[in-house]
Amino acid sequence: MTAIDAKPFPYHFDIDHIALVCIDMQRDFCLPGGFAESLGNNLSNIQPCIPVIAKLQEGFRKAGLPVIHTKECHKPDLSDLPTAKRNRGNPKIKIGDPGPMGRILIDGEEGSDFIPDCQPLEHELVVAKPGKDTFYGTNFHEYLMRRNITNLIITGVTTEVCVQTTMRCANDRGYDCLLVEDGTDSFFPEFKEATLKSVVAQGGIVGWTCSSDKILDHLATL
Ligand code: TIU
């Protein structure tokens with residue numbers, strides 16, 4: 001067992017049971033012409049976490065620790081897209097419609113691929129998920145249980161949507177989760193701040209947070 005200085009108290013973990021989870025670092029969320037921009041979001045708000053996540057990926061890989069990537073996307077026939085989701089957002093351009101990076105949020109299209117700075121390595125797990133919760137409609141839980149992974153270091157976009165949803169659902173399944181403060185961003189900075197505060201409130205009701213340098217410093221000592 002080892003520990004990182006974190007909020008609301010030190011985060012204890014065993015190095016053999018930890019993984020980095022990078023949520024939805026896709027062109028559709030981070031680049032012009034994608035899903036997020038179609039919803040009217042200001043993309044500049046989520047750029048700061050990109051180099052931080054790239055550095056964490058490098059640190060985990062150097063330490064020989066698992067890096068897991070998720071991507072929010074749907075099947076080309078839209079069979080996994082509920083009407084309740086398709087009907088939300090921009091009424092003029094919806095999930096599945098053609099955009100500058102291919103069909104919006106569809107698996108296999110350019111927009112649903114990862115941004116160049118956060119590309120998975122060939123052997124790393126990529127979880128294609130139809131929802132905000134990484135466990136919904138995927139084999140994520142089975143994968144983690146098979147590898148005896150109990151501790152998740154969580155990063156990605158957007159903080160209060162897929163990141164927070166996944167963190168809460170992971171906590172309900174028994175995972176100890178740490179959300180990296182500078183390794184996540186929202187289109188709404190106030191929502192990011194509220195999420196960071198809410199997960200550690202009430203004695204860490206959902207988990208822990210800390211900055212990436214604390215994790216990277218710790219990995220460097222291994
Ligand atoms: N719109 C928004 O903030 N997020 C999403 O739709 N998905 C994720 O958070 N990945």
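Of the 222 residues in the protein chain, 52% count as buried, where buried means under 20% relative accessible area, exposed over 50% and partly exposed in between, with a 1.4 Å probe and protein chains only. This is a predicted model, in which local features need pLDDT of at least 70 and side-chain atom pairs count only at pLDDT 80 or more, while totals for chains, interfaces and linings use all residues. Residues are numbered from 1 along each chain as its sequence is written, and side-chain values use heavy atoms, with hydrogens and water left out.

**Overall form**

- The protein chain holds eight helices and ten strands, taken as DSSP runs (helices H or I, at least four residues; strands E, at least two) and numbered from the N terminus.
- A compact globule of 222 residues would have a radius of gyration near 17 Å, and the 17 Å of the protein chain agrees with this; the radius is taken over C-alpha atoms, and the globule rule is 2.2 Å times the number of residues to the power 0.38.
- Among contacts between residues at least 6 apart in sequence, 74% join residues at least 24 apart, a contact being heavy atoms within 4.5 Å.

**Sheet and the helices across it**

- Six strands form an open sheet in the order 7-4-3-8-9-10 with parallel pairing, two strands being paired if DSSP finds at least two bridges between them.
- Strand 7 (126-129) and strand 10 stand at the edges with a single partner strand each, so one side of each has no neighbour in the sheet.
- From one strand to the next the twist averages 25°, with axes fitted as lines to C-alpha atoms (for helices over the stretch in contact) and angles running from 0 to 180 degrees between N-to-C directions.
- Strand 8 and strand 9 are joined in the parallel sense over six bridges, and the bridge partner of I153 in strand 9 is L178.
- Helix 3 lies across strand 3 (18-23), strand 4 (67-72), strand 8 and strand 9, at about 135° to strand 9, whereas helix 7 (residues 189-204) lies across strand 9 and strand 10, at about 160° to strand 9.

**Nonpolar cores**

- In the largest nonpolar core, which has 38 residues, Y11, M25, F60, I153, L178 and I215 touch the most other members; such a core is a set of buried Ala, Val, Leu, Ile, Met, Phe, Trp, Tyr and Cys residues joined through side-chain atoms within 4.5 Å.
- Helix 3 (residues 49-62) gives the most to this core, with six residues.
- Not counting residues up to four places away in sequence, I153 touches Y11, I18, A19, L20, V21, F60, L178, V180 and I215.
- Another core, of 25 residues, lies apart from it and includes V127, F135, F140 and I154.

**Helix 8**

- The buried residues of helix 8 (residues 212-220) are S212, I215, L216, H218 and L219.
- These residues cover an arc of only 160° around the axis, which puts them on the same side of helix 8, the arc being that of the directions from the helix axis to the C-beta atoms.
- On the other side of helix 8, D217 and A220 are exposed.
- Elements covering the buried residues of helix 8 include strand 1 (2-4), helix 3 and strand 10 (208-210).

**Backbone details**

- The peptide bond from K7 to P8 is cis, with omega near 0°, and P8 sits in the loop between strand 1 and strand 2.
- A second residue pair, V157 and T158, is joined by a cis peptide bond with omega about -15°.
- N148, in the loop between helix 5 (140-146) and strand 8, has a positive phi near 60° and is partly exposed, with a relative accessible area of 44%.
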